[in-house]
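Reader: Could you take me through this structure, one topic at a time?
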Amino acid sequence: MSDSGNRDLTARIGVYVCHCGANIAAIVDVPALTEYAATVPGVVVAREYKYMCSDPGQELIRQDIHDHDLNRIVVASCSPLMHEPTFRGALARSGINPFLLQMVNIREHVSWVHTDKAEATAKAKDLVRAAARRVRLHKPLEKRRVEINPNVLVVGGGIAGIHAALTIANSGKHVYLVERQPTIGGHMAYFDKTFPTLDCAACILTPKMTAVGSHPNITLWTYSEVAAVEGYVGNYKVKVRRKPRYIHEDLCIGCQECVEACVYKEGRWADEFNLGLSKRKPIYLPFPQAVPQKVLIDRDACIEFKSGKCKKTCIEACGERMAIDFAQKETIEEIEVGGVILATGFKTFDARRNAYYGYGTYPNVYTSLEVERLVNASGPTSGEIVLRDGKKPERVGIIHCVGSRDHNTNRWCSKVCCMYSLKLAHLIRERIGAEVYNFYIDMRTPGKGYEEFYDRLLDEGVHFVRGRVAEVSDWPVHPSEEGKLIIRAEDTLAGFVRRIPVDMVVLAVGLEPQADARDVRRLFNISCSEEGWFLERHPKLAPVSTFTDGVFIAGACQGPKDIPDSVAQAGAAAAEAMALIDAKYVELEPYTAHVLEEECSGCKTCLSICPYTAISFVADIKKARVNEVLCKGCGTCVATCPSAAIEQNLFEDREIFEEVEGLLAYA
Amino acid sequence: MRKDKINPGNGQVVVGAYEPRIVGFFCTWCTYLAADLAGISRIKYAPNVLVVRVMCSGRVDPQFVLAAFAQGADGVLIGGCHPGDCHYQQGNYNCLRRARLLKRMLAQLGIEEERFRVEWISAAEGDRVRAVIDDMVQKLRALGPLKLNSEPALKVVGAEQEVREAVTV
């Protein structure tokens with residue numbers, strides 16, 4: 001592309017100032033700004049309108065382009081990251097190149113952050129002037145088209161990942177589902193019943209898990225993690241690290257004879273799936289309905305790995321199937337996908353952080369997730385609700401908001417705890433008839449059938465105490481408190497401090513981002529909120545998209561969510577991914593760099609600076625050359641070139657110089 | 001609002017209380033988004049920073065900074081992603097390297113160090129946009145207007161001729 005290209009030096013500029021209702025107009029003097037814009041050299045027409053992004057607003061621009069023969073447009077409204085595509089579309093429909101547009105952010109960067117009208121208006125004038133000067137230098141640009149790889153990667157095999165994977169696979173696309181644990185199922189697999197319908201979690205989840213395991217369009221890799229991601233929307237190259245199970249998945253038939261035959265006759269190691277409430281052997285199946293139905297060996301527990309002197313009765317039991325392989329190594333699979341759905345879920349709050357509730361100190365203080373296992377028919381006690389000493393609790397206290405709505409730990413509401421606490425209260429009351437006390441700050445039960453479920457619990461005789469619990473202790477001050485755990489809380493409705501002795505305390509722990517959410521975020525080049533939840537592109541209008549095209553998010557990795565919301569979001573993410581893929585090709589922003597060969601001295605400085613090795617040295621002419629397909633448009637090489645021999649489309653030196661000069665030129 | 005400030009364009013004194021004018025170069029992926037977030041969160045801060053959006057802090061040519069000072073900016077603020085978080089892997093490191101060298105050069109030109117800042121502000125740190133901008137504005141208010149020895153001491157390097165032509169259409 002030549003230096004001056006199709007640059008139109010006879011700019012006829014239209015400036016459009018948006019009120020955004022009162023969002024802009026309440027702080028920026030829009031009429032004054034519009035009047036000022038009309039005086040900037042080159043501006044042929046300047047107009048204001050209530051909602052520039054609306055159809056009539058865009059029509060205004062289209063009409064002016066036609067009537068006044070405009071060839072450059074400035075829109076002063078919201079952030080370009082919000083509506084630049086909208087206005088580019090308006091330009092394109094009006095028959096002029098969409099890149100002959102410059103947006104001025106007078107909402108997020110002016111009216112919403114400043115309070116003084118005069119100052120805000122002055123700043124808006126500076127910004128509009130700069131944009132009007134810059135836009136003259138814009139060149140018509142074309143977007144590049146690249147084909148899209150039709151495969152999709154789903155990371156995380158909880159209910160969100162499962163639902164997304166099945167939705168896409170059912171449409172005939174190929175899905176790679178990568179799960180860190182040895183089985184899919186996620187947190188939902190821990191539950192016995194789901195609120196508010198009390199339907200059996202396993203009955204609705206395990207058929208979906210099995211469907212994933214047997215689906216011809218799904219490649220399921222459990223006990224695996226994404227190790228590296230490169231590429232761009234439509235063409236991601238992903239490396240997946242598959243940890244050794246020491247079992248050949250293709251040979252194991254899930255008979256578990258090896259588990260039976262293990263030299264350890266009883267389990268000795270904390271069973272992860274029962275949160276340590278039961279023991280398992282070194283060779284084990286995570287849980288009976290695990291998908292895939294393949295055992296694995298815990299390297300740290302197995303004698304063969306520790307001493308190499310085990311009798312290896314497991315291998316004997318496996319016999320001619322020969323599925324056990326102590327020499328199995330980690331492998332790396334390389335795949336190519338067009339889109340990615342992250343459904344990496346959450347972790348529960350570590351109740352030890354709130355030491356005053358005694359978790360880890362008093363054996364009869366449980367987390368809600370542990371109680372989910374206790375009430376579960378397939379759990380460590382086969383659904384018997386018993387304390388660690390085997391006794392049935394007569395009185396149970398459920399403490400809400402542990403690690404939620406607390407300025408000392410997490411400020412957010414975890415959204416699901418009220419409802420799951422009600423569910424646990426119901427199950428405990430129904431199964432063993434215990435007195436159940438719920439200690440809550442506020443009952444939060446919005447959702448279909450949720451408030452009705454709360455009403456039902458009130459009728460069932462569950463006690464509700466409104467007040468944050470101060471502490472759980474085992475110090476009796478009255479004979480009736482002997483041998484009990486005493487919950488001390490202010491009953492804010494009754495207006496006094498209560499001491500309620502109970503046998504069992506359940507801490508309704510909140511939801512937190514995964515411990516390595518920030519590493520995953522970096523891997524996929526997306527953003528996190530300050531708390532560590534994955535950041536959506538727009539909280540309302542693009543809730544499953546991210547700022548990285550082709551990467552979508554679903555489920556609790558984006559924020560606390562219950563099962564219906566997670567599934568709904570997973571469906572949305574699947575639809576977005578399919579919409580991307582079905583387009584067959586993707587248009588890439590034309591912000592790429594190119595070398596002006598007559599200026600290039602062949603010093604190769606740019607070659608070392610490019611993180612995408614998009615620049616190569618053409619030996620016969622001794623010049624650098626940018627491969628525009630590999631170039632992602634950061635512009636670092638442009639700033640690096642000592643001869644000013646590299647240009648970046650839409651961010652050319654002269655455009656930025658002009659913008660700076662325009663900003664600082666006095667009105 | 002801009003007292004005792006010489007307009008480098010025409011040499012006239014602009015009367016009013018002195019307020020520093022700062023040019024910000026914000027990367028699209030982190031700091032520009034953080035400034036958007038500050039807006040969405042209705043965080044209030046000083047109106048003295050005029051932001052130029054670039055794709056990456058690595059795109060900021062030291063000449064942009066010099067040009068801003070030459071055109072009358074009292075300060076320049078570059079905002080990029082935190083180390084390790086660059087959308088383009090390492091553009092912010094390149095930015096930092098250039099900034100180190102540039103700072104020494106600015107000192108030689110007699111430009112106080114408070115006038116040039118590089119800050120890492122992630123997309124989630126709306127409040128940090130406020131903190132950085134308010135702090136810089138406060139420091140530059142105390143420092144007063146930028147005084148360059150002769151005007152214009154620094155000229156925009158590059159294809160300026162064409163720019164002039166374009167502007168004077």
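Reader: What ipTM and pTM does the predictor give the complex?
Author: The ipTM is 0.85 and the pTM is 0.83.

Reader: How many disulfides does a search of the whole structure find?
Author: The search over all chains finds one disulfide, a disulfide being a pair of cysteine sulfur atoms within 2.5 Å. Cys200(A) and Cys203(A) form it, with their sulfur atoms 2.3 Å apart.

Reader: Why is that disulfide of Cys200(A) and Cys203(A) called right-handed?
Author: The disulfide is right-handed because the torsion about the S-S bond of Cys200(A) and Cys203(A) is about 85 degrees.

Reader: What about Cys401(A), where is the nearest cysteine sulfur?
Author: The nearest cysteine sulfur to Cys401(A) belongs to Cys418(A), 5.8 Å away, and Cys401(A) is in no disulfide.

Reader: Is Cys401(A) buried or exposed?
Author: Cys401(A) is buried, at a relative accessible area of 7%. Buried means under 20% relative accessible area, exposed over 50%, and partly exposed in between (1.4 Å probe, protein chains only). Cys200(A), at 23%, is partly exposed.

Reader: New topic: at what angle do helix α5 and helix α18 of chain A pack?
Author: Helix α5 (residues 117-135) and helix α18 (residues 653-664) of chain A pack at an angle of about 150 degrees, with their axes 7 Å apart. Axes are lines fitted to C-alpha atoms, for helices over the stretch in contact, and angles run from 0 to 180 degrees between N-to-C directions. Helices (H or I, at least four residues) and strands (E, at least two) are DSSP runs, numbered from the N terminus.

Reader: Which residues make the contact of α5(A) and α18(A)?
Author: Contact means heavy atoms within 4.5 Å. Among the residues involved are Asp126(A), Arg129(A) and Arg133(A) of α5(A), and Glu655(A), Glu658(A) and Leu663(A) of α18(A).

Reader: Where is Ile487(A) found?
Author: Ile487(A) lies in strand β25 (residues 485-491) of chain A. Its relative accessibility is 0%, so Ile487(A) counts as buried. Leaving out residues up to four places away in sequence, Ile487(A) touches residues including Phe439(A), Val469(A), Arg498(A) and Val505(A). The C-alpha atoms of Ile487(A) and Ala470(A) are 7.8 Å apart, although the two residues are 17 residues apart in sequence.

Reader: And chain B, how many helices and strands are there?
Author: Chain B has five helices and six strands. Their pattern along the sequence is β-β-β-α-β-α-β-α-β-α-α. Of the 169 residues of chain B, 60% count as buried.

Reader: How many residues of helix α1 of chain B are buried?
Author: Eight of the ten residues of helix α1 (residues 31-40) of chain B are buried. Among them are Tyr32(B), Leu33(B) and Asp36(B). Arg42(B), which follows α1(B), has a positive phi, near 55 degrees.

Reader: What is the mean pLDDT of chain B?
Author: The mean is 85, and 78% of the residues of chain B reach 70 or more; pLDDT is the predictor's confidence in each residue, from 0 to 100. Over residues 152-159 of chain B the pLDDT is below 50. Where pLDDT is low, the predicted coordinates should not be read in detail.

Note on methods. Residues are numbered from 1 along each chain as its sequence is written. Chains are lettered from A and ligands numbered from 1 in the order in which they are written. This is a predicted model: local features need pLDDT of at least 70, side-chain atom pairs count only at pLDDT 80 or more; totals for chains, interfaces and linings use all residues. Side-chain values use heavy atoms; hydrogens and water are left out.
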